[in-house]
Each structure stands twice: as C-alpha cells, then as structure tokens.
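Please keep the sequence and the structure in view while reading.

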Amino acid sequence: MLATEEQQQLQVALDRIRMFKENLSKVRSEIARIESDIEIGTRKLENRDMDDREAADIHNRLASEKARLNELMKEKMRLEWELAEAEQDEEDLDGSEKSFDKKTCLANIRFLLSMMPVKLGDIETNAGVSIGYLSRLEKEGNKSDPSIEFLATAAKMLGVTLDTLLYAKLGELSNDEKYLIQFLTMLKIDTDEDKIVWEMESADKLNKLQGMPDAFGSPHPLFTLYGDGPDDLNYYFHSGFIPVEEVVISGPCYHAHVPETDDNIYLSKVALKNPAPEFDREFIEITHVDNDGTVFSICNTIQTVRQITEATNALYDRAANSASHIHFADPTRSLINGYLKAKLIKGV
C-alpha cells in the first residue's frame, strides 16, 4: 500500500529532525573542544615568564579560535531553530492536538511533589478537597477528572503554570532538565519568602560597559574580552550560547547570592539583533558565577524546553518584584529592632 502524501511529508519531517539532531551533536562537540582550547590558551597567557613572541602566537591562535567559535555558535543557533521548525512540522503533520490527559496530569503532580518541599495534604486542603483526593483519582477505574480548583491550587503551590501541569510530560525530561526546573522553582519560592534578595542592573548601565578596553580590567563578571588580536581586545557581554555580535542587552538584569553557597546567579535580559521571524527577539539567559569569578552559562529561554522557559520567566518576574522593594541588611534590621523594642518597653 502506497504511503499517502501526508505520510510522506511526515517521514520527511522525521528525517529532517534526525539530521538536525546529528548535526547539532557534531557542532556542540566541536564547540566544547574549542572552548577547552581557549581556556587552556588563556591560562598559558597568565604565565609571566612567557616571552613576547610566544605570547603573541597564543593571542593569534586565540583570536582564530574565537572567530571559529563565533561561526560555530551561529551554526548551532541556526540548527536549533531549524530543529524547532522541523519538530513543529512533525507535530502538525502528526495531527496531534493539545488535549487533556488525566494520567499525564496526575503524573506531573506526583513528579513535582517529589522535587518540591510541598505536601500533598496542604494542596488538597487549600483546594477545598478531602485528604486522599489525588490517590482516589489515580485508582484504576476512577473516571472522574480533577477539579479545576485542585489543579489551579496545585499549579500555584508547585510553582508551575497550569498549562505545564495539564499538558507537559515532565517525566520525559532529561535528568539535568528536571534538576534545573527544581533549582529554578526553589529559587522562586525562596524569593517569594524573602530568603533571596535580588539586585537590578539597568540595560543602559551595562551597555555603557560594552567595548571597554582591556587596559581598564574586567568591568563586570558577565563581560569577557573579544577582538581580532592582542592589540584589539575589548570587553563585551558574553552570552554562552549566542555569538557576541548577535546579541545586545535589552532590559534589566538581576543577580542574587544563592543561599547555602558562595556563588551568585544572574538573569540577563538580552535580545537577538537580527532574529528569525518566527522567534522572539528578547530572551533571558541564566548564568552562574562562582566565588572565584568563573562564569558558567546555564541556559537561555529560546534554546531549551518549554518547561524551563516558563520556570525562568517566572523567576525573572519574581526577581524584578524583589528588586523593586526595600531589603534591610542584618545590622540595619538589628538597629531598627533595638530601637522599636526600647520604645515599646518605655511605652512611647
């Protein structure tokens, strides 16, 4: 039996997906290799016993490798966009529409409960249902759907959107993706409870640092040296995923100290200068800066799964809200507490 035209188109989309994934894997491996070479070369330049000729050779190699890295980053971004298009084509051709699946939804709730410090009983109580409600829904033969009150309460308390709770297949995420969602959700919860205080840096302030000469030293943890040679090196905002000439800081950026660690997390609002029509211009990039100032790019919201994009956007909104309020340092809080306590004791 001959395949229909739609089946042939579906097979073409599946072949494209496989091809893009294979090419992406090769590009990512090459990027990792070059980044390792750049790191090694940068460390060699820190050797003060090196003569000028050797240093110049290393600078030239680094410039060449950085140029190649920029090309690969562009290719990686193009392939990721092409892959997203192919996956959308496959979804459209497959005829699958977004529909409620009770089993998937309840599995999402169980998955999130295993990751979050939230008790099922608290969700059930706040939703106005009896304890054991979720277990009864999960029983074989129970054809009842969960109430909208229960779902809305679960989504709010578990730190995800209702859309994610209903339709996402969280159990199919990779271990690192699950881990990152847990991390972002916990940061959001701690921010809501005022355990994390975020500081804001404006786009204007950061963009004024763009192009600062090497002679002045690094102006910011997220800025790194770029240039065509040792005599043409300037500091620019460093995206871990997009070539430096393709991005611009477009909105407020927030950073905060991560409790129980010596490290900081950065949420940067950046934009593509020349985005493809089907992609958002603005996105958020998450960066980890450790106590030694080493920078680790975690992800951005245009090159990851939807669940991480939603978690990142939610955290960015909470960070913006945190930065808009007054937060006291411990010594100031002690001062205020001491003064008010003394006044209360005196009855004034």
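## Basis of the report

The model is predicted, so to speak of local features a pLDDT of at least 70 is needed, and side-chain atom pairs count only at pLDDT 80 or more, while totals for chains, interfaces and linings use all residues. Residues are numbered from 1 along each chain as its sequence is written, and side-chain values use heavy atoms, with hydrogens and water left out.

Helices (H or I, at least four residues) and strands (E, at least two) are DSSP runs, numbered from the N terminus. Contact means heavy atoms within 4.5 Å. A residue is called buried under 20% relative accessible area, exposed over 50%, and partly exposed in between, with a 1.4 Å probe and protein chains only.

The expected span of a helix is 1.5 Å times one less than its number of residues. For the 14 residues of helix 3 (residues 102-115) this should give 20 Å, and the end C-alpha atoms are 20 Å apart, which agrees. At the start of helix 3, the backbone nitrogen of Lys-103 has a side-chain oxygen of Asp-101 within 3.3 Å. A polar contact is a pair of N or O atoms within 3.5 Å; within protein, one must be able to donate a hydrogen and the other to accept it, and residues adjacent in sequence count only if both atoms are side-chain atoms.

Thr-185 lies in helix 8 and is buried, with a relative accessible area of 3%. Apart from neighbours within four places in sequence, Thr-185 is in contact with Met-116, Leu-158 and Gly-159.

## A cavity and a pocket

On a 1 Å grid over the protein atoms alone, a cavity is a set of points where a 1.4 Å probe fits but cannot get out; a pocket is an open set with protein on both sides within 12 Å along at least five of seven lines, and lining residues have an atom within 4 Å of a point. Grid points are joined across faces, edges and corners, and a volume is the space filled by probe spheres set on the points. The count is 1 cavity of 30 Å³ or more. The largest cavity has a volume of about 60 Å³, and its lining includes Glu-35, Tyr-226 and His-238. Helix 2 (residues 52-94) gives the most to this lining, with 3 residues.

The second largest pocket has a volume of about 290 Å³. Of its 16 lining residues, the closest to the centre are Val-118, Met-157, Ile-189, Asp-192 and Glu-193. Helix 8 provides the largest share of this lining, 5 residues.

## Two positive phi angles

Most residues other than glycine have a negative phi. Asp-194, not a glycine, has a positive phi of about 65 degrees. Asp-194 is placed in the loop between helix 8 and strand 1 (199-201) and is partly exposed, with a relative accessible area of 46%.

Glu-260, also not a glycine, has a positive phi of about 70 degrees. Glu-260 is in the loop between strand 6 (253-257) and strand 7 (264-272) and is exposed, with a relative accessible area of 81%.
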